[in-house]
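Hi,

Here is the structure I promised to pass on. Have a look at it first, and then read my notes below.

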Amino acid sequence: MAINTLTFAEKLSQELDKALVQKSVTGFMADNVFRSKFVGAKTVLIPTLEMSGLGDYDRDKGFVTGALTLTHNAYTLSQDRARTFHLDSEDEDETGIANLAGQVMGEFVRTQVAPEMDAYILSKLATLAETKKQTITGTPASQAYKMFVEGVGKVQNVTGYDEELVAFVDSAMWSALQTSAEVSRQIVISDFKKGEISTKVKKLNDVAIIPVADARMKTAFTFNDGTTEDQEAGGFAPAASAKNVGLLILPKRATSLVKKTEKIRIFEPDRNQSMDAYKLDYRLYYDAFIKKSMEGTVFAYSYTAGA
């Protein structure tokens, strides 16, 4: 069954973008990109606004002049990830290649792309917190609520009390929070906006709690290149030095997820020089940046397994 590959690829790219936001726990960070502008292939400019505080009004001289500075900070994208797949022309059934390609690539985004993007962003945030010694201490099994409150308090001490906060938790911390007598009666269900999608999350003390699979909650990962020996399968794996991240708390607007490229290309068998198959190319070129003014607002609890 022939399809308009250009039109279908564009539509599928849009659907995969929505799926990535929905299936990843960090997808909402794309909402934080304010007037970003690309300069060249790898550099994006993200503005930061700084201004003077109040001064005394002088009845003779009037207002004190203040400084208003809009600085465009340059950030370099580092994650240029891609894969190509072949669907044999004989695999096409009565549902058509469009339906089959949509199912295949949808599963790819759900099981491979979203987990990797989450792992990269969360490890970057946890590493920032560790580097700046913005840490949370305690024993989750007996002190989960205390640790949560401590972390929230540390963030609010920097940002004030009007910021919308999010807390990413691994399975151990999430289990400890849910079984804590102090927490059970305080958790409420609330709306959480992720791009065009509105989902439901549990909130504690008005902070959105986002449970994350343990495989994505590490301080460091190796992102396989897909060609080097032992890396052919692609994807990602915890680095040898990685620690587990049990709790990560930050303002919802602290991190900007910048995607320069997220697209799919489709080539029909007649245009595929390698084999009698549909060729599906997927590319995601992205990075996540913590606003310089918000670097002091990211706090984490990390630990070594068995410690």
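Before the charged pairs, the rule: a salt bridge here is a side-chain nitrogen of Lys or Arg within 4 Å of a carboxyl oxygen of Asp or Glu. By that rule the count comes to 14 salt bridges. One of them joins arginine 253 and glutamate 163, whose closest N and O atoms are 2.7 Å apart. Arginine 253 sits in the loop between β11 and β12 (255-267) and glutamate 163 in the loop between α3 and β5 (165-169), so the pair ties together parts that are 90 residues apart in sequence. (Helices, H or I with at least four residues, and strands, E with at least two, are DSSP runs numbered from the N terminus.)

Some housekeeping: this is a predicted model, so local features need pLDDT of at least 70 and side-chain atom pairs count only at pLDDT 80 or more, while totals for chains, interfaces and linings use all residues. Residues are numbered from 1 along each chain as its sequence is written, and side-chain values use heavy atoms, with hydrogens and water left out.

For accessibility, buried means under 20% relative accessible area, exposed over 50%, and partly exposed in between (1.4 Å probe, protein chains only).

Two more pairs for you. Lysine 200 and aspartate 191 meet in a salt bridge at 2.5 Å, N to O; lysine 200 is exposed, with a relative accessible area of 60%, and aspartate 191 is partly exposed at 46%. Aspartate 281 and lysine 279 also form a salt bridge, with the closest N and O atoms 2.7 Å apart. Here aspartate 281 is buried, at 9% relative accessible area. Shared partners join Arg265, Lys279 and Asp281 into one salt-bridge network.

Now the overall picture. The protein has four helices and 14 strands, and its C-alpha trace spans about 80 × 55 × 40 Å along the principal axes. Of its 307 residues, 45% count as buried.

How far apart are the end C-alpha atoms of helix α3? For its 20 residues (140-159) they are only 25 Å apart, short of the 28 Å that a straight helix would reach at 1.5 Å a residue; the expected span is 1.5 Å times one less than the number of residues. There is also a bend of about 40 degrees in α3 at lysine 146, taken as the angle between axes fitted to the seven residues ending there and the seven starting there. Buried residues of α3 include Tyr145, Met147 and Phe148.

On the strand side, four of the five residues of β14 (residues 299-303) are buried, so β14 is largely enclosed by the rest of the structure. Strand β11 (residues 244-251) pairs with β14 in the antiparallel sense over five bridges, where pairing requires that DSSP finds at least two bridges between the strands. Asparagine 244 has tyrosine 303 of β14 as its bridge partner.

Last, the surface. Leu49, Met51, Leu68 and Leu70 form a nonpolar patch there, with about 460 Å² of accessible area together. β2 (43-51) and β3 (68-76) are the elements that give two or more residues to the patch. Leucine 49, in strand β2, counts as exposed at 52% relative accessibility. Patches are made of residues with over 30% relative accessible area and no salt bridge, joining like charges within 9 Å and nonpolar side chains (Val, Leu, Ile, Met, Phe, Trp, Tyr) within 5 Å; accessible areas come from the Shrake-Rupley method with a 1.4 Å probe, and for residues only the protein chains shown count as cover.

Cheers
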